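Work through the exercises below with the sequence and the structure open beside you. Try each task before reading its solution.

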Amino acid sequence: MSGDVAITLRNVVKRYGDHEVLRGIDLDVRHGEVTCLIGPSGSGKSTLLRCVAFLEEHDAGIIRIGGAPLGFDERPDGSRIRLPITEIARVRRNIGMVFQQFNLWPHMTALGNVAEGLRQVLRLHKREAHDRAMAHLTRVGLAERASYYPSQLSGGQQQRVAIARALAMDPKIMLFDEPTSSLDPELTGEVLNVMRDLAAEGMTMLVVTHEIGFAAHVAQHVVFLDQAQIALEGRASDVFRKPWHPRMAQFLETYLDRGASVLLGN
Amino acid sequence: MTWIHVYLLAVGAVVTAGLSVVSITVGLAIGILVCAASLSRAAPLRWAARVYVSFFRGVPLLVLLLLIYHLLPQIGIDVPGVVAALVGLTLCTSAYQAETLRGGFVNIAPGLVEAGRMIGLNATQLLVRIRAPIALRLTLPALVNEGIMILKASSLVSVVGVGDITRTAQNLSSSTYRPIEMFATAGVFYLLLNVIVTRGGNGLGRLLGLPRT
Amino acid sequence: MMDLDALSDAFPEILDGLWLTIFMWLAGSALAPLLGLAVALARRFGPAWVDRPLWAIVEVIRGTPFLVQMFLLYYGGPFIGLDLEPTTAGLLGLTIYGAAYFSEILRGGLIAVPKGHVEAALCVGLNRMQIIRRILLPEMTLLVLPASVNMFIVLLKETAVLSIVTVPELTMAVTGFGSANFAFTQAALVLALCYWSLTELSGLVGRALERRLDRFRIA
Ligand SMILES: Nc1ncnc2c1ncn2[C@@H]1O[C@H](COP(=O)(O)OP(=O)(O)OP(=O)(O)O)[C@@H](O)[C@H]1O
Ligand SMILES: [Mg+2]
């Protein structure tokens with residue numbers, strides 16, 4: 001499984017007005033690997049992830065999901081064409097996304113949230129959608145909360161429902177944008193555990209996180225984004241144990257002093 | 001449609017504006033009292049305020065005007081239609097303003113009052129220097145809105161014979177057989193008055209340093 | 001106090017008036033949000049050129065009195081080939097008037113649905129229509145409930161204005177009875193109490209509904 005490429009970015013550029021938020025990103029995310037994206041606030045991590053989900057449209061370059069171009073394709077002469085909306089939806093089907101703010105739909109129960117895509121997109125029968133949704137809730141440890149509304153769940157539980165909702169669509173790749181950043185420390189653990197299990201099962205994951213401990217122990221690949229560019233990338237052990245890059249060292253000190261100093265061994 | 005008609009409607013507009021200004025102003029004064037009663041510690045006062053607000057917001061203004069117009073002479077107060085109209089408009093808007101102001105007071109962040117208490121302001125100072133100005137800032141947009149509501153609602157005074165924009169348009173429409181022009185022009189006058197109220201409200205907001213909406 | 005014989009004579013008429021008021025109110029309350037929703041959706045998701053004209057129409061309706069609109073429709077209508085029965089004109093007027101306000105309420109609700117909820121739906125693979133139907137409309141409904149209840153009450157009160165253009169609803173029936181019997185004040189008082197009960201009742205129902213929907217609200 002490992003080896004072939006799940007996501008490829010080539011020279012991806014994203015601008016807001018004349019503000020360049022991604023300046024020619026080249027990145028490969030391999031199948032079956034966990035890739036963690038770290039970097040200071042405003043460096044473009046969320047934007048990169050949202051481009052991969054095609055929630056933002058990149059202005060130049062090409063993004064491939066499992067080899068298929070996402071959103072735009074390049075003609076042999078180098079010009080860009082926008083792909084039809086059905087093609088975008090087809091490629092996006094490979095991707096599940098988990099947001100910092102959970103984004104559960106407040107008018108549906110936990111089960112309803114997970115079953116929604118199964119019913120509306122995959123057009124499963126009620127019974128089957130229910131069973132599959134239930135199985136995914138069980139997987140994140142929330143079977144007995146199936147009939148609760150989001151407002152009746154803790155933040156950690158909401159985020160686990162959101163993970164189940166994404167997993168229910170059977171994606172090949174999971175994107176996480178700071179999934180634990182709006183959670184209390186004690187709730188962070190339960191979400192990270194679910195993610196750890198998922199990684200152990202061989203799910204391809206691209207994770208934006210400030211949880212350096214998670215990145216160091218779970219990720220095969222760590223990408224350090226700084227000022228709209230990839231400043232450093234490599235195996236977790238290499239990136240964290242030898243922060244030869246000055247910005248990286250500074251980042252680890254300022255943002256993550258506790259965990260990082262342990263990792264740095266000083 | 002001649003300039004005479006426009007002139008007559010403009011006179012009606014002055015009447016409409018006058019009615020609105022008077023009832024909004026007097027209504028604000030009564031509204032403050034009713035609001036104070038609704039926040040008072042005495043339960044009977046709170047109840048009275050509640051019934052007052054509920055009744056005058058719950059009854060259509062037209063019905064209220066008819067009631068007052070016929071009630072006043074019966075209890076021995078013989079007044080022209082304008083006065084009945086003013087009383088009706090004022091009672092109606094005072095109830096809405098009382099409720100708006102109450103919302104403003106209730107929604108003041110408690111920390112702001114506590115900060116005032118900590119620097120040693122007494123209860124009166126807290127009310128005058130902190131709570132009332134903050135409540136006003138919170139409610140100004142709603143009060144401007146109320147001004148526009150009363151402007152439009154005042155069209156109902158035409159039923160008790162007051163020569164406002166609507167009544168004038170009605171008269172002109174039946175004398176000229178040109179209802180479309182007359183009522184459309186009447187509408188334009190209402191829109192103009194709206195713009196004036198909105199502009200005034202924005203100006204007042206700037207004066208108070210409110211965030212622009 | 002009140003002339004009881006006269007009251008019992010007029011009772012059927014007053015009851016008819018009450019039913020007509022309730023009918024006009026319910027029909028207007030059903031049609032106005034629908035038309036308002038169409039306007040709100042067109043302004044938010046329709047082609048760009050429909051936005052400005054719709055905005056202008058909505059602002060004109062919201063900026064002028066309902067009474068003037070009814071006069072224009074009822075007395076002006078025949079001049080442009082719109083010769084309507086009072087009741088029909090009344091319902092049409094009430095619907096258009098309410099729709100202008102509802103379009104703004106609903107548009108605000110659509111805008112207030114968190115962007116992330118739509119993005120989550122996109123990621124799960126719902127298409128545009130499904131997102132509108134399954135996510136935006138239900139969430140919007142929740143957000144606009146208090147303002148809508150207010151608006152329903154406004155519509156109830158505006159039905160009284162229809163008496164001026166001779167719709168035989170409650171106000172017309174009761175004042176008609178009153179002026180025929182020189183008992184106008186009592187009649188108006190009864191009328192006021194009728195409306196007061198109706199508005200209080202709808203306020204109660206609205207608040208109960210809001211409480212019931214509370215569990216759908218996050219934070
Ligand atoms: N919709 C937008 N319009 C304009 N600028 C934007 C928009 N979204 C993001 N930006 C800008 O793009 C830059 C990158 O933002 P992004 O959210 O990707 O950063 P981030 O690395 O995820 O930061 P954080 O760690 O705070 O989440 C920032 O300077 C931000 O201000
Ligand atoms: Mg971010």
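**Exercise 1. The helical chains**

Which pattern does chain B follow when it is read along the sequence?

Solution. Before starting, note that this is a predicted model, in which local features need pLDDT of at least 70 and side-chain atom pairs count only at pLDDT 80 or more, while totals for chains, interfaces and linings use all residues. Residues are numbered from 1 along each chain as its sequence is written, chains are lettered from A and ligands numbered from 1 in the order in which they are written, and side-chain values use heavy atoms, with hydrogens and water left out.

Step 1: Helices are DSSP runs of H or I with at least four residues, strands are runs of E with at least two, and both are numbered from the N terminus. Step 2: Chain B contains 8 helices and 0 strands, and its pattern along the sequence is α-α-α-α-α-α-α-α. Step 3: Taken along the principal axes, the C-alpha atoms of chain B fill a box of roughly 70 × 45 × 20 Å.

Now turn to chain C: how many helices and strands does it have?

Solution. Step 1: Chain C has 8 helices and 0 strands, and reading along its sequence gives α-α-α-α-α-α-α-α. Step 2: Its C-alpha atoms fill a box of roughly 70 × 45 × 25 Å along the principal axes.

**Exercise 2. Contacts between chains**

Between which chains are the most contacts found?

Solution. Step 1: Contact means heavy atoms within 4.5 Å. Step 2: There are 2 pairs of chains that touch, and the most contacts are between chains B and C. Step 3: Chain A and chain B, by comparison, are joined by no contact, and their closest C-alpha atoms lie 23 Å apart.

**Exercise 3. The antiparallel sheet of chain A**

Describe the open sheet of 4 strands in chain A, and follow its pairings.

Solution. Step 1: Two strands pair if DSSP finds at least two bridges between them. Step 2: The order is β2-β1-β4-β5, with antiparallel pairing, and the edge strands, each pairing on one side only, are β2 and β5 (68-69). Step 3: Strand β1 (residues 5-16) of chain A is joined to β4(A) by 5 bridges, and T8(A) has R64(A) in β4(A) as its bridge partner. Step 4: Strand β4 (residues 60-65) of chain A pairs with β5(A) over 2 bridges, where I65(A) stands opposite A68(A). Step 5: These two strands, β4(A) and β5(A), form a hairpin with 2 residues between them, and G66(A) in the turn has a positive phi of about 55°.

**Exercise 4. The mixed sheet of chain A**

In which order do the 6 strands of the other open sheet in chain A lie?

Solution. Step 1: The order is β8-β9-β10-β3-β11-β12, and the pairing is mixed. Step 2: At the edges are β8 (95-98) and β12 (229-235) of chain A, each of which pairs on one side only. Step 3: Strands β9 (residues 173-177) and β10 (residues 204-208) of chain A run parallel and are joined by 5 bridges, with F176(A) opposite V207(A) in β10(A). Step 4: Helix α6 (residues 185-200) of chain A lies across β3 (34-38), β9 and β10, running at about 145° to β10(A); for such angles, axes are lines fitted to C-alpha atoms, for helices over the stretch in contact, and the angles run from 0 to 180 degrees between N-to-C directions.
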